[in-house]
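Keep the 3D view open and follow each solution step by step.

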Amino acid sequence: MKRKPIDRNARAERKTIDRALSRLGLCSRTEAVEFVRAGRVRVNGLVVRDPERWVVPERDRIELDREQAKERAKLYVALHKPVGYVTTRSDPEGRKTVYDLLGDLGAWLAPVGRLDRDTSGLLLFTNDTDFAARLLEPTSHVAKRYRVEARGRIDDTEFERLRRGVELSDGRTLPARVALLRRSKERTLFELTITEGRNRQVRRMLEAIDSKVLKLARVAFGSLELADLAPGAHRELLARERNALRR
Ligand code: URA
């Protein structure tokens, strides 16, 4: 019997169905798994129930809720998150979420990292999962700059500790940049630039030097500045801003 030649391109492009759906910009991988398990996804006319089913998106007809799953235009959005909003799609406690601020932009969007409920500032969203993954990769060391108002007077020795790295429960922090803006006996205002994205990192760094965050705002993410985007407002990134972040 004559063997069918191996289509090397097709092999290279095959993906599990959950990954294929999220790469098309339709949903997150977690949501894709749920959609598949709920029987909402068909491949070449047949319902699939296994999220790890291999597909070749260029060749197979993939449907979600009986509609062909087509690649969505990529969208990149910057939001000025105010304090009081949680970075999640839906909150079991019914608190306000960042999606309440974005409204319906006609596309599924995921945040690139998170900000605590009590943190304000620049938060990026996209449906470009590769772009987001690259920025969030721990080895990318994207610089995140925060404006910090902290309790008490932080002296230069403590600033030096923040610069060099402080010991946290999940390990020592990487070198950081510190720029003093103002200080008094009661408060210190400064900018802190870190290149990691650990949970509540800035708050924990301040606790490590026996201070406490009173106010925290992210003013830059990589090359992108919050600038004069009003609290609660969002805007699409310009092509040159996207390209700069890609670099
Ligand atoms: N560090 C924190 O402690 N909280 C944030 O929201 C962001 C960075």
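**Exercise 1.** Find which atoms meet at the start of helix α6.

Solution. Finally, step past the helix to Gly 165, which follows α6 and has a positive phi, near 120 degrees.

A word on the model: it is predicted, so local features need pLDDT of at least 70 and side-chain atom pairs pLDDT 80 or more, while totals for chains, interfaces and linings use all residues. Residues are numbered from 1 along each chain as its sequence is written, and side-chain values use heavy atoms, without hydrogens and water.

**Exercise 2.** List which residues surround the ligand, and sort them.

Solution. Start with the shell (a heavy atom within 4 Å): Leu 115, Asp 116, Thr 119, Tyr 146, Arg 200, Gln 201, Val 202, Arg 203 and Leu 216. Then sort them: four are nonpolar, two polar and three charged. Last, ask where they come from: helix α7 (residues 201–208) gives the largest share, three residues.

**Exercise 3.** Find the N or O atoms that lie by the ligand's own nitrogen and oxygen atoms.

Solution. A polar side-chain atom of Asp 116 is 2.7 Å from a ligand nitrogen. For Thr 119, a side-chain N or O atom sits 2.8 Å from a ligand oxygen. At Gln 201, a polar backbone atom lies 3.4 Å from an oxygen of the ligand.

Terms used
A polar contact is a pair of N or O atoms within 3.5 Å; within protein, one must be able to donate a hydrogen and the other to accept it, and residues adjacent in sequence count only if both atoms are side-chain atoms. Helices (H or I, at least four residues) and strands (E, at least two) are DSSP runs, numbered from the N terminus. Ala, Val, Leu, Ile, Met, Phe, Trp, Tyr, Cys and Pro count as nonpolar, Asp, Glu, Lys and Arg as charged, and the others, Gly among them, as polar.
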